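Biologist: Can you walk me through this one? I'd like to start with the sheets and then move to the helices.
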Amino acid sequence: MTTSPIDHWPAFAQTVQVTDDTLTVDLADGRSIAVPLAWYPRLAHGTPAERSNWRLIGRGEGVHWPDLDEDISVENLLSGARSGESQRSFKQWIAARGPAR
């Protein structure tokens, strides 16, 4: 039995919404990806203003939040990958932010 190869088309982000508990990325091909905000601690600890300040990376291969120094690729979202940041790095980032916002 032979199988046909599966063609994989790149997915590109178009818009982003961040609520208190969910990150939703709408893709150019019509799909939407929604993941728990807890998967990305920097986003979870960001203010609504910081979360809403995002830009696309490249043609939409990912999303960057400059105020939070966070980058998330569409590929990682599609594969279900959570933040790979170490607890040590995250704690340093929290300390550098100062008092809770």
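Modeller: Below we go through sheets, helices and a few single residues. Keep in mind that this is a predicted model.

Biologist: How many bridges join strand 1 to strand 2?
Modeller: Five bridges. Strand 1 spans residues 13–18 and strand 2 spans residues 22–27. A13 stands opposite L27 in strand 2. V16 stands opposite V25.

Biologist: And what joins strand 1 to strand 2?
Modeller: A hairpin, through three residues.

Biologist: How many bridges hold the pairing of strand 4 and strand 5?
Modeller: Three bridges, in the antiparallel sense. Strand 5 is residues 62–65. One detail: G62 in strand 5 is the bridge partner of I57.

Biologist: Helices now. Which residues of helix 4 are buried?
Modeller: F90, W93 and R97. Helix 4 covers residues 87–97.

Biologist: What covers the buried residues of helix 4?
Modeller: The cover includes helix 1 (41–45) and helix 2 (48–52).

Biologist: And just after helix 4, what does G98 do?
Modeller: G98 takes a positive phi of about 85°.

Biologist: Back to helix 1. Is R42 buried or exposed?
Modeller: R42, found in helix 1, is buried because its relative accessible area is 9%, and the cut-off for buried is under 20%.

Biologist: Which residues is R42 in contact with?
Modeller: Setting aside neighbours within four places in sequence, R42 is in contact with L68, D69, E70, E85, S89, F90 and W93. F90 and W93 are also among the buried residues of helix 4.

Biologist: How far is the backbone oxygen of L68 from a polar atom of the R42 side chain?
Modeller: 3.2 Å.

Biologist: Helix 2 next. Is R51 buried or exposed?
Modeller: R51 sits in helix 2. R51 is buried, with a relative accessible area of 8%.

Biologist: Which backbone oxygen lies 3.3 Å from a polar atom of the R51 side chain?
Modeller: The one of T19. Leaving aside neighbours within four places in sequence, the contacts of R51 include V18, T19, D20, L37 and L43. A44, G46, W65 and L68 are in contact with R51 too.

Biologist: One last thing. Where is D69?
Modeller: In the loop between strand 5 and strand 6.

Biologist: What is its phi near?
Modeller: Phi of D69 is near 50°, a positive value in a residue other than glycine. Most residues other than glycine have a negative phi.

Technical notes: Residues are numbered from 1 along each chain as its sequence is written. This is a predicted model: local features need pLDDT of at least 70, side-chain atom pairs count only at pLDDT 80 or more; totals for chains, interfaces and linings use all residues. Side-chain values use heavy atoms; hydrogens and water are left out. Two strands pair if DSSP finds at least two bridges between them. Helices (H or I, at least four residues) and strands (E, at least two) are DSSP runs, numbered from the N terminus. Buried means under 20% relative accessible area, exposed over 50%, partly exposed in between (1.4 Å probe, protein chains only). Contact means heavy atoms within 4.5 Å. A polar contact is a pair of N or O atoms within 3.5 Å; within protein, one must be able to donate a hydrogen and the other to accept it, and residues adjacent in sequence count only if both atoms are side-chain atoms.
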